[in-house]
Amino acid sequence: MRQLVCRIEALPGEPIDAAAAYFAQHHEGVMAGLAVHEPEAIALCVPPAGTDHDAWRSALAGDLARRFAPVRCNLVAAASAESEAALLDYLEGAPGITGHYLAAHE
């Protein structure tokens with residue numbers, strides 16, 4: 001399967017600021033990546049954050065999945081490279097998972 005992995009290295013700490021920064025600085029690049037690479041799935045890796053970020057991240061994952069179906073779209077957050085890799089590996093082998101925010105609990 002062709003899974004496009006997009007990494008966002010930093011976002012602000014406040015949820016509303018983080019959502020605004022994503023859309024201002026990263027959303028167009030993600031959209032372009034979907035158009036150019038034509039993946040079967042996209043995993044958007046974002047920095048770990050508190051549960052107060054869950055709502056906007058879950059909404060983004062769901063909105064991307066609906067917009068680009070049948071391309072699977074998910075968000076992943078992990079503090080370590082090992083945890084991120086484990087989540088990405090899981091998504092590679094889970095063709096029914098789309099529109100979700102997966103946060104590693106480390």
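This short talk describes the helix packing, the nonpolar cores and some local backbone features of one protein model.

Good morning. Please keep in mind throughout that the model is predicted.

I shall begin with helix H2, which spans residues 27–37. Which of its residues are buried? In H2 these are His27, Val30, Met31, Gly33 and Leu34. Because they cover an arc of only 155 degrees around the axis, these residues fall on the same side of H2. The face turned away from that buried side carries exposed residues, namely Glu28, Ala35, Val36 and His37. As for what lies over the buried residues of H2, the cover includes S1, H1, S2 and H3.

Two packed helices are described by the angle between their axes and the distance between the axes. For H2 and H3, the angle is about 30 degrees and the axes are 13 Å apart. The crossing of H2 past H3 is right-handed. From H2, the contact is made by His27, Met31 and Leu34, and from H3 by Leu64, Arg67 and Phe68. Sorted by class, this contact of H2 with H3 comprises 4 nonpolar residues, 1 polar residue and 1 charged residue.

In soluble globular proteins, nonpolar side chains tend to be buried together. In this model, the largest nonpolar core has 25 residues, and the members that touch the most others are Leu11, Tyr22, Leu44 and Val46. Which elements give two or more residues to this core? They are S1, H1, H2, S2, H3 and S3. H3 provides the largest share, 6 residues.

If its neighbours within four places in sequence are left aside, Leu44 is in contact with Cys6, Ile8, Tyr22, Val30, Leu60, Asn74, Leu75 and Val76. A second, separate core consists of 7 residues, among them Ala43, Leu87, Leu91 and Leu102.

The next topic is the backbone. Most residues other than glycine have a negative phi, and most peptide bonds are trans. Where does the chain take a positive phi of about 45 degrees? This occurs just after H2, at Glu38. Glu38 is not a glycine, and its place is in the loop between helix H2 and strand S2, the latter covering residues 41–46. Is Glu38 buried or exposed? With a relative accessible area of 55%, Glu38 counts as exposed, because the cut-off for that class is over 50%.

Another local feature concerns a peptide bond. From Ala69 to Pro70 the bond is cis, with omega near 15 degrees. Pro70 belongs to the loop between helix H3, residues 54–68, and strand S3, residues 72–77.

Glu9 is found in the loop between strand S1, residues 3–7, and H1. The relative accessibility of Glu9 is 67%, so this residue counts as exposed. Ala24 lies in helix H1, which runs over residues 15–25. Ala24 is likewise exposed, its relative accessible area being 67%.

How far apart are Ala24 and Glu9? They are separated by 15 residues in sequence and, C-alpha to C-alpha, by 15 Å in space. Glu9 and Ala77, by contrast, are 68 residues apart in sequence and 11 Å apart in space, again C-alpha to C-alpha.

That concludes the presentation. Thank you for your attention.

Methods. Residues are numbered from 1 along each chain as its sequence is written. This is a predicted model: local features need pLDDT of at least 70, side-chain atom pairs count only at pLDDT 80 or more; totals for chains, interfaces and linings use all residues. Side-chain values use heavy atoms; hydrogens and water are left out. Helices (H or I, at least four residues) and strands (E, at least two) are DSSP runs, numbered from the N terminus. Buried means under 20% relative accessible area, exposed over 50%, partly exposed in between (1.4 Å probe, protein chains only). Axes are lines fitted to C-alpha atoms, for helices over the stretch in contact, and angles run from 0 to 180 degrees between N-to-C directions. A crossing is left-handed if the near helix is turned anticlockwise from the far one by less than a right angle, and right-handed if clockwise. Contact means heavy atoms within 4.5 Å. Ala, Val, Leu, Ile, Met, Phe, Trp, Tyr, Cys and Pro count as nonpolar, Asp, Glu, Lys and Arg as charged, and the others, Gly among them, as polar. A nonpolar core is a set of buried Ala, Val, Leu, Ile, Met, Phe, Trp, Tyr and Cys residues joined through side-chain atoms within 4.5 Å. The arc is that of the directions from the helix axis to the C-beta atoms.
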